[in-house]
Amino acid sequence: MWKSFAVPQRPPRADCVRRVFSSAPIYDLIFRDLSPRTLVRLSRTCYKINEAVTHFFQRAYNINRHLSRYFPDPHSFRSLQARTGLIISGSNALQFLDRTFYPESDLDIYSHPGHLYEVLEWIESFGYQFAPHRYQEEDWRTQVSPDWDGTMPRIVPRLMQEDENDIARLARYSNISEVYTFKRLVVMDGEHVELQVQVIETTYNPIDTIMKYHSTCVMNIITFDAAYSFYPIATFEDRCALKIPGSRHRPDVLAKYIKRGWRVYSVFRPGDVAQPYESPFLPNVTRWVGDRHCWTVPLDTSGVTPRTALSPSSEQFSWDPSTQNGWKMLTAPSSFPSLSVPEMDAKLIATTVFRYNYMIPSEALSLEIRGWAFSQGKLYHELVTRYDWTWFDAEIPRFRELA
(Lines give C-alpha, C1' and ligand atoms only; values in the text may rest on other atoms or scores of the structure.)
Protein backbone atom coordinates (compact mmCIF):
# COMPACT_ATOMS: atom_id res chain seq x y z
CA MET A 1 0.00 0.00 0.00
CA TRP A 2 1.25 3.40 -0.94
CA LYS A 3 1.48 5.94 1.84
CA SER A 4 1.69 9.67 1.40
CA PHE A 5 3.58 11.85 3.79
CA ALA A 6 2.90 15.54 4.25
CA VAL A 7 5.90 17.61 3.35
CA PRO A 8 6.35 20.49 5.79
CA GLN A 9 6.02 23.85 4.11
CA ARG A 10 8.93 26.17 4.67
CA PRO A 11 8.40 29.92 4.56
CA PRO A 12 9.98 31.71 1.59
CA ARG A 13 13.49 32.95 2.14
CA ALA A 14 13.86 36.64 2.95
CA ASP A 15 16.13 37.27 -0.03
CA CYS A 16 13.53 35.72 -2.35
CA VAL A 17 10.82 38.06 -0.96
CA ARG A 18 13.13 41.02 -1.42
CA ARG A 19 13.84 40.13 -5.03
CA VAL A 20 10.17 39.65 -5.92
CA PHE A 21 8.94 42.83 -4.25
CA SER A 22 11.81 44.95 -5.53
CA SER A 23 10.79 44.43 -9.15
CA ALA A 24 7.67 46.31 -10.29
CA PRO A 25 7.12 44.14 -13.41
CA ILE A 26 6.93 41.09 -11.14
CA TYR A 27 4.86 42.37 -8.22
CA ASP A 28 2.50 44.28 -10.54
CA LEU A 29 1.42 40.88 -11.90
CA ILE A 30 0.61 39.83 -8.33
CA PHE A 31 -1.08 43.04 -7.22
CA ARG A 32 -3.20 43.83 -10.28
CA ASP A 33 -5.85 41.20 -9.48
CA LEU A 34 -6.02 41.87 -5.74
CA SER A 35 -8.79 43.93 -4.17
CA PRO A 36 -7.94 47.20 -2.37
CA ARG A 37 -8.53 45.69 1.08
CA THR A 38 -6.31 42.71 0.30
CA LEU A 39 -3.56 45.07 -0.86
CA VAL A 40 -3.82 47.10 2.34
CA ARG A 41 -3.62 43.95 4.46
CA LEU A 42 -0.67 42.69 2.43
CA SER A 43 1.13 45.99 2.92
CA ARG A 44 1.12 45.39 6.69
CA THR A 45 3.17 42.19 6.51
CA CYS A 46 6.64 43.72 6.14
CA TYR A 47 8.48 46.87 5.15
CA LYS A 48 9.48 45.67 1.69
CA ILE A 49 5.95 44.66 0.69
CA ASN A 50 4.59 47.89 2.16
CA GLU A 51 6.99 49.82 -0.04
CA ALA A 52 5.96 47.79 -3.10
CA VAL A 53 2.24 48.31 -2.44
CA THR A 54 2.80 52.06 -1.97
CA HIS A 55 4.58 52.32 -5.33
CA PHE A 56 1.89 50.21 -6.98
CA PHE A 57 -0.85 52.49 -5.62
CA GLN A 58 0.97 55.56 -6.95
CA ARG A 59 1.00 54.08 -10.45
CA ALA A 60 -2.43 52.41 -10.34
CA TYR A 61 -4.17 55.56 -9.07
CA ASN A 62 -2.42 58.10 -11.28
CA ILE A 63 -5.20 60.63 -11.77
CA ASN A 64 -3.29 62.68 -14.35
CA ARG A 65 -2.90 59.64 -16.59
CA HIS A 66 -6.56 58.77 -16.04
CA LEU A 67 -7.76 62.25 -17.07
CA SER A 68 -5.38 62.59 -20.03
CA ARG A 69 -7.82 60.58 -22.15
CA TYR A 70 -10.22 63.53 -22.00
CA PHE A 71 -7.96 66.53 -21.41
CA PRO A 72 -4.42 67.11 -22.72
CA ASP A 73 -3.68 69.20 -19.63
CA PRO A 74 -4.98 67.30 -16.58
CA HIS A 75 -3.38 69.78 -14.17
CA SER A 76 -5.45 72.60 -15.66
CA PHE A 77 -8.64 70.57 -15.17
CA ARG A 78 -7.71 69.72 -11.59
CA SER A 79 -6.95 73.39 -10.91
CA LEU A 80 -10.46 74.11 -12.20
CA GLN A 81 -11.73 71.50 -9.74
CA ALA A 82 -9.80 73.12 -6.89
CA ARG A 83 -11.24 76.61 -7.43
CA THR A 84 -14.83 75.57 -8.24
CA GLY A 85 -15.42 72.39 -6.22
CA LEU A 86 -16.12 70.48 -9.46
CA ILE A 87 -16.17 66.70 -8.93
CA ILE A 88 -16.11 63.57 -11.08
CA SER A 89 -18.59 60.81 -10.32
CA GLY A 90 -20.59 58.09 -12.04
CA SER A 91 -18.93 55.27 -13.96
CA ASN A 92 -15.69 57.20 -14.49
CA ALA A 93 -14.96 57.47 -10.75
CA LEU A 94 -15.89 53.80 -10.38
CA GLN A 95 -13.47 52.82 -13.16
CA PHE A 96 -10.66 54.80 -11.56
CA LEU A 97 -11.06 53.15 -8.16
CA ASP A 98 -11.72 49.70 -9.63
CA ARG A 99 -8.68 49.92 -11.93
CA THR A 100 -10.76 49.01 -14.95
CA PHE A 101 -11.93 50.62 -18.20
CA TYR A 102 -15.32 50.81 -19.95
CA PRO A 103 -14.70 51.95 -23.53
CA GLU A 104 -18.31 53.04 -24.04
CA SER A 105 -18.55 55.24 -20.94
CA ASP A 106 -18.27 59.02 -20.81
CA LEU A 107 -17.01 61.49 -18.22
CA ASP A 108 -19.61 62.91 -15.82
CA ILE A 109 -18.60 66.02 -13.89
CA TYR A 110 -20.79 67.76 -11.32
CA SER A 111 -20.87 71.52 -10.78
CA HIS A 112 -21.97 73.54 -7.78
CA PRO A 113 -24.43 76.37 -8.49
CA GLY A 114 -22.71 79.52 -9.70
CA HIS A 115 -19.66 77.89 -11.28
CA LEU A 116 -21.29 76.53 -14.42
CA TYR A 117 -20.34 79.30 -16.84
CA GLU A 118 -16.63 79.04 -15.99
CA VAL A 119 -16.72 75.24 -16.26
CA LEU A 120 -18.44 75.20 -19.66
CA GLU A 121 -16.08 77.83 -21.04
CA TRP A 122 -13.12 75.75 -19.90
CA ILE A 123 -14.51 72.56 -21.51
CA GLU A 124 -15.12 74.39 -24.79
CA SER A 125 -11.59 75.83 -24.78
CA PHE A 126 -10.21 72.30 -25.13
CA GLY A 127 -11.96 71.62 -28.42
CA TYR A 128 -15.23 70.14 -27.16
CA GLN A 129 -18.41 71.05 -29.03
CA PHE A 130 -21.74 71.53 -27.28
CA ALA A 131 -24.31 68.88 -28.29
CA PRO A 132 -27.68 70.24 -27.11
CA HIS A 133 -30.61 68.07 -26.12
CA ARG A 134 -33.85 68.59 -28.04
CA TYR A 135 -35.14 71.12 -25.49
CA GLN A 136 -31.87 73.11 -25.27
CA GLU A 137 -30.70 76.09 -27.32
CA GLU A 138 -27.84 75.68 -29.79
CA ASP A 139 -25.63 77.99 -27.76
CA TRP A 140 -25.38 77.12 -24.07
CA ARG A 141 -24.63 80.81 -23.29
CA THR A 142 -28.29 81.65 -23.90
CA GLN A 143 -29.16 79.46 -20.89
CA VAL A 144 -26.24 80.07 -18.56
CA SER A 145 -25.43 83.43 -17.02
CA PRO A 146 -21.91 84.35 -15.88
CA ASP A 147 -23.46 86.53 -13.18
CA TRP A 148 -24.48 84.41 -10.18
CA ASP A 149 -25.65 86.19 -7.05
CA GLY A 150 -25.13 84.00 -4.00
CA THR A 151 -26.65 86.62 -1.72
CA MET A 152 -30.12 85.92 -3.14
CA PRO A 153 -32.46 83.20 -1.75
CA ARG A 154 -31.44 79.80 -3.13
CA ILE A 155 -34.43 77.55 -2.55
CA VAL A 156 -36.81 78.14 -5.45
CA PRO A 157 -40.41 76.87 -5.05
CA ARG A 158 -41.03 73.80 -7.19
CA LEU A 159 -44.00 75.36 -9.00
CA MET A 160 -41.82 78.19 -10.31
CA GLN A 161 -39.47 75.69 -11.98
CA GLU A 162 -41.87 73.53 -13.91
CA ASP A 163 -42.06 74.89 -17.42
CA GLU A 164 -42.05 72.49 -20.38
CA ASN A 165 -38.26 72.11 -20.37
CA ASP A 166 -38.13 71.53 -16.63
CA ILE A 167 -40.76 68.79 -16.86
CA ALA A 168 -38.72 67.02 -19.56
CA ARG A 169 -35.56 67.28 -17.49
CA LEU A 170 -37.11 66.34 -14.13
CA ALA A 171 -38.59 63.22 -15.73
CA ARG A 172 -35.03 61.98 -16.21
CA TYR A 173 -32.97 63.39 -13.34
CA SER A 174 -33.16 63.98 -9.58
CA ASN A 175 -31.85 67.17 -7.96
CA ILE A 176 -30.28 68.34 -11.21
CA SER A 177 -30.86 71.76 -12.74
CA GLU A 178 -29.48 70.89 -16.17
CA VAL A 179 -27.14 68.59 -18.11
CA TYR A 180 -24.80 69.92 -20.79
CA THR A 181 -23.24 67.39 -23.17
CA PHE A 182 -19.98 68.11 -25.00
CA LYS A 183 -18.31 65.93 -27.64
CA ARG A 184 -14.87 65.86 -29.23
CA LEU A 185 -13.49 63.69 -32.02
CA VAL A 186 -9.90 62.53 -31.46
CA VAL A 187 -7.53 59.94 -32.90
CA MET A 188 -6.36 57.24 -30.48
CA ASP A 189 -4.16 54.35 -31.59
CA GLY A 190 -4.92 55.17 -35.20
CA GLU A 191 -8.69 55.14 -34.73
CA HIS A 192 -11.22 57.96 -34.54
CA VAL A 193 -12.84 58.07 -31.11
CA GLU A 194 -15.66 60.36 -29.99
CA LEU A 195 -15.18 61.50 -26.42
CA GLN A 196 -18.15 62.73 -24.43
CA VAL A 197 -18.16 64.90 -21.34
CA GLN A 198 -21.39 65.62 -19.48
CA VAL A 199 -21.45 68.63 -17.17
CA ILE A 200 -24.20 68.24 -14.59
CA GLU A 201 -25.41 71.44 -12.94
CA THR A 202 -26.68 70.34 -9.55
CA THR A 203 -29.66 72.03 -7.92
CA TYR A 204 -27.98 72.41 -4.53
CA ASN A 205 -24.72 70.47 -4.50
CA PRO A 206 -23.10 67.35 -6.01
CA ILE A 207 -23.40 65.13 -2.92
CA ASP A 208 -27.13 65.78 -2.71
CA THR A 209 -27.44 64.65 -6.34
CA ILE A 210 -25.23 61.59 -5.90
CA MET A 211 -27.36 60.41 -2.98
CA LYS A 212 -30.20 60.08 -5.52
CA TYR A 213 -28.22 57.67 -7.72
CA HIS A 214 -29.75 54.33 -8.70
CA SER A 215 -27.52 52.25 -6.40
CA THR A 216 -24.60 52.40 -3.98
CA CYS A 217 -21.97 51.01 -6.38
CA VAL A 218 -21.73 54.37 -8.19
CA MET A 219 -21.50 56.48 -5.04
CA ASN A 220 -17.88 57.42 -5.58
CA ILE A 221 -16.33 60.82 -6.29
CA ILE A 222 -13.03 62.34 -7.38
CA THR A 223 -12.14 65.82 -6.13
CA PHE A 224 -9.01 67.79 -6.99
CA ASP A 225 -6.98 66.12 -4.22
CA ALA A 226 -8.58 62.73 -3.43
CA ALA A 227 -10.90 59.98 -4.60
CA TYR A 228 -13.59 58.67 -2.25
CA SER A 229 -15.76 55.57 -2.25
CA PHE A 230 -18.75 55.86 0.07
CA TYR A 231 -19.46 52.10 0.25
CA PRO A 232 -16.07 50.49 -0.51
CA ILE A 233 -16.58 47.09 1.12
CA ALA A 234 -19.83 46.47 -0.75
CA THR A 235 -18.56 47.92 -4.03
CA PHE A 236 -15.03 46.56 -4.33
CA GLU A 237 -14.85 43.60 -1.95
CA ASP A 238 -18.31 41.99 -2.01
CA ARG A 239 -19.11 43.33 -5.52
CA CYS A 240 -22.66 44.07 -4.45
CA ALA A 241 -24.92 47.12 -4.40
CA LEU A 242 -28.17 48.29 -2.84
CA LYS A 243 -30.84 49.82 -5.06
CA ILE A 244 -31.99 53.27 -3.97
CA PRO A 245 -35.80 53.64 -4.29
CA GLY A 246 -37.08 56.74 -6.04
CA SER A 247 -34.15 57.10 -8.43
CA ARG A 248 -35.26 58.37 -11.84
CA HIS A 249 -32.57 56.50 -13.72
CA ARG A 250 -33.85 54.15 -16.39
CA PRO A 251 -33.89 50.41 -15.50
CA ASP A 252 -31.29 49.65 -18.18
CA VAL A 253 -28.77 51.86 -16.33
CA LEU A 254 -28.87 49.58 -13.29
CA ALA A 255 -28.91 46.49 -15.55
CA LYS A 256 -25.63 47.70 -17.03
CA TYR A 257 -23.89 47.34 -13.66
CA ILE A 258 -25.36 43.89 -13.09
CA LYS A 259 -23.82 42.85 -16.42
CA ARG A 260 -20.50 44.31 -15.26
CA GLY A 261 -20.49 41.97 -12.29
CA TRP A 262 -22.32 43.65 -9.41
CA ARG A 263 -24.95 41.78 -7.40
CA VAL A 264 -27.82 44.18 -6.68
CA TYR A 265 -30.24 43.96 -3.74
CA SER A 266 -33.67 45.60 -3.77
CA VAL A 267 -34.07 45.51 0.05
CA PHE A 268 -31.76 45.20 3.03
CA ARG A 269 -30.50 41.71 3.75
CA PRO A 270 -31.49 40.03 7.05
CA GLY A 271 -28.27 40.90 8.87
CA ASP A 272 -27.90 44.46 7.62
CA VAL A 273 -30.40 46.08 9.98
CA ALA A 274 -29.66 43.82 12.96
CA GLN A 275 -25.91 44.54 12.82
CA PRO A 276 -25.48 47.86 11.00
CA TYR A 277 -21.73 48.19 11.66
CA GLU A 278 -21.17 44.71 10.24
CA SER A 279 -23.11 45.59 7.11
CA PRO A 280 -21.25 47.09 4.14
CA PHE A 281 -24.23 49.45 3.71
CA LEU A 282 -24.09 50.81 7.29
CA PRO A 283 -27.84 51.46 7.74
CA ASN A 284 -28.82 54.17 10.23
CA VAL A 285 -25.17 55.17 10.71
CA THR A 286 -24.19 58.83 10.46
CA ARG A 287 -21.78 59.28 7.55
CA TRP A 288 -19.49 62.00 6.24
CA VAL A 289 -17.47 62.17 3.04
CA GLY A 290 -14.00 60.91 3.94
CA ASP A 291 -15.01 59.27 7.24
CA ARG A 292 -13.47 56.01 8.46
CA HIS A 293 -16.07 53.98 6.55
CA CYS A 294 -15.06 55.59 3.24
CA TRP A 295 -12.10 54.46 1.19
CA THR A 296 -10.01 57.57 0.58
CA VAL A 297 -7.25 57.64 -2.04
CA PRO A 298 -5.09 60.78 -1.70
CA LEU A 299 -3.98 62.19 -5.06
CA ASP A 300 -0.74 63.91 -5.99
CA THR A 301 -1.51 67.64 -6.22
CA SER A 302 1.82 68.69 -7.73
CA GLY A 303 1.10 71.23 -10.46
CA VAL A 304 -2.46 71.92 -9.21
CA THR A 305 -3.20 75.57 -8.41
CA PRO A 306 -4.93 75.76 -5.01
CA ARG A 307 -8.12 77.63 -4.27
CA THR A 308 -7.82 81.30 -3.37
CA ALA A 309 -9.98 83.19 -0.87
CA LEU A 310 -13.60 83.62 -2.01
CA SER A 311 -13.46 87.37 -1.36
CA PRO A 312 -11.03 89.81 0.30
CA SER A 313 -12.83 89.54 3.66
CA SER A 314 -13.50 85.79 3.50
CA GLU A 315 -11.33 83.32 5.39
CA GLN A 316 -9.46 81.05 3.00
CA PHE A 317 -9.97 77.28 3.16
CA SER A 318 -8.14 74.57 1.22
CA TRP A 319 -10.57 71.65 1.47
CA ASP A 320 -13.03 70.66 -1.22
CA PRO A 321 -16.64 71.68 -0.36
CA SER A 322 -17.90 68.13 -0.97
CA THR A 323 -15.86 66.84 1.98
CA GLN A 324 -18.04 68.81 4.41
CA ASN A 325 -21.20 66.90 3.46
CA GLY A 326 -22.79 63.94 5.16
CA TRP A 327 -25.80 61.66 5.07
CA LYS A 328 -27.55 58.77 6.76
CA MET A 329 -28.98 55.72 5.02
CA LEU A 330 -32.23 55.17 6.91
CA THR A 331 -34.24 51.95 6.93
CA ALA A 332 -37.73 52.57 5.56
CA PRO A 333 -40.63 50.08 5.36
CA SER A 334 -40.94 48.24 2.07
CA SER A 335 -44.07 46.91 0.40
CA PHE A 336 -43.37 43.56 2.05
CA PRO A 337 -43.86 43.09 5.82
CA SER A 338 -40.65 42.90 7.92
CA LEU A 339 -38.44 44.04 5.01
CA SER A 340 -36.75 47.43 4.76
CA VAL A 341 -35.50 49.59 1.90
CA PRO A 342 -32.90 52.36 2.07
CA GLU A 343 -33.82 56.03 2.29
CA MET A 344 -30.99 58.55 1.97
CA ASP A 345 -31.44 61.34 4.50
CA ALA A 346 -29.64 64.65 5.08
CA LYS A 347 -30.60 68.20 6.02
CA LEU A 348 -29.94 70.90 3.43
CA ILE A 349 -28.07 74.04 4.48
CA ALA A 350 -28.66 76.62 1.74
CA THR A 351 -27.97 80.05 3.17
CA THR A 352 -26.51 83.27 1.80
CA VAL A 353 -23.62 83.35 4.31
CA PHE A 354 -22.06 80.20 2.82
CA ARG A 355 -20.80 80.22 -0.77
CA TYR A 356 -21.69 76.53 -1.10
CA ASN A 357 -24.69 74.51 0.02
CA TYR A 358 -24.12 71.63 2.42
CA MET A 359 -25.89 68.39 3.35
CA ILE A 360 -25.78 67.71 7.10
CA PRO A 361 -26.70 64.25 8.49
CA SER A 362 -27.70 65.51 11.95
CA GLU A 363 -30.90 67.41 12.70
CA ALA A 364 -29.37 69.03 15.80
CA LEU A 365 -26.23 70.14 13.96
CA SER A 366 -28.21 71.48 11.01
CA LEU A 367 -30.40 73.56 13.34
CA GLU A 368 -27.33 74.96 15.10
CA ILE A 369 -25.71 75.95 11.78
CA ARG A 370 -28.95 77.46 10.45
CA GLY A 371 -29.44 79.53 13.59
CA TRP A 372 -25.91 80.89 13.43
CA ALA A 373 -26.19 81.54 9.68
CA PHE A 374 -29.49 83.40 10.15
CA SER A 375 -27.87 85.79 12.62
CA GLN A 376 -24.86 86.35 10.34
CA GLY A 377 -27.06 86.83 7.30
CA LYS A 378 -29.23 89.38 9.06
CA LEU A 379 -26.14 91.41 9.98
CA TYR A 380 -24.57 91.33 6.52
CA HIS A 381 -27.75 92.03 4.58
CA GLU A 382 -28.14 95.18 6.67
CA LEU A 383 -24.55 96.35 6.17
CA VAL A 384 -23.15 95.44 2.74
CA THR A 385 -24.06 94.48 -0.82
CA ARG A 386 -22.99 91.39 -2.76
CA TYR A 387 -19.85 93.21 -3.94
CA ASP A 388 -18.43 93.43 -0.40
CA TRP A 389 -19.74 90.10 0.81
CA THR A 390 -17.99 87.77 3.27
CA TRP A 391 -18.39 84.01 2.93
CA PHE A 392 -18.23 81.94 6.13
CA ASP A 393 -17.72 78.42 4.73
CA ALA A 394 -14.55 78.01 6.80
CA GLU A 395 -16.79 77.72 9.88
CA ILE A 396 -18.43 74.46 8.73
CA PRO A 397 -15.61 72.13 9.95
CA ARG A 398 -15.59 73.94 13.30
CA PHE A 399 -19.27 73.23 13.81
CA ARG A 400 -18.54 69.58 13.07
CA GLU A 401 -15.70 69.44 15.58
CA LEU A 402 -17.95 70.69 18.37
CA ALA A 403 -20.94 68.47 17.48
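**Close-up views of a predicted model**

At 6% relative accessibility, Leu282 counts as buried. This value, like the others in these legends, comes from a predicted model.

**View 1. Leu282 sits in a loop with a positive phi.** The loop runs between helix H14 (270–274) and strand E10 (286–288). Phi of Leu282 is near 50°. That is a positive value in a residue other than glycine. The cut-off for buried is under 20% relative accessible area, and Leu282, at 6%, counts as buried.

**View 2. Ser338 also has a positive phi, near 70°.** Ser338 is likewise a residue other than glycine. Its loop joins strand E12 (326–333) and strand E13 (340–345). Is Ser338 buried or exposed? Ser338 is exposed, with a relative accessible area of 78%.

View 3. H13 covers residues 251–259. Val253, Leu254 and Tyr257 are its buried residues shown here.

View 4. Which residue with a positive phi follows H13? Gly261 does, with phi near 115°.

**View 5. His55 lies in helix H4.** H4 takes in residues 47–60. His55 is partly exposed, with a relative accessible area of 33%. Ala24 is 31 residues away from His55 along the chain. How far apart are the C-alpha atoms of His55 and Ala24? They are separated by 8.4 Å.

**View 6. The whole chain gives the setting for the close-ups.** The chain has 16 helices and 15 strands. Its radius of gyration is 24 Å, close to the 22 Å that the globule rule gives for 403 residues, so the chain is as compact as a globular protein of that length. The C-alpha trace spans about 95 × 55 × 45 Å along its principal axes. Buried residues make up 48% of the 403 residues. Of the contacts with a separation of 6 or more, 69% join residues 24 or more positions apart. The chain exposes about 20,700 Å². Carbon and sulfur atoms supply 54% of that area. There are 45 positive and 46 negative side chains. The centres of the two sets lie 10 Å apart.

Definitions and conventions
Residues numbered from 1 in each chain as written. Predicted model: local features only at pLDDT ≥ 70, side-chain atom pairs only at ≥ 80, totals over all residues. Heavy atoms only, no water. Helix = DSSP H or I, 4+ residues; strand = E, 2+ residues; numbered from the N terminus. Rg over C-alpha atoms; globule rule 2.2 N^0.38 Å. Buried < 20%, exposed > 50% of the residue type's maximum accessible area, 1.4 Å probe, protein only. Contact = heavy atoms within 4.5 Å. Areas by Shrake-Rupley, 256 points an atom, 1.4 Å probe, with all protein chains shown as cover. Lys, Arg positive; Asp, Glu negative; His and termini not counted. Charge placed at Lys NZ, Arg CZ, Asp CG, Glu CD.
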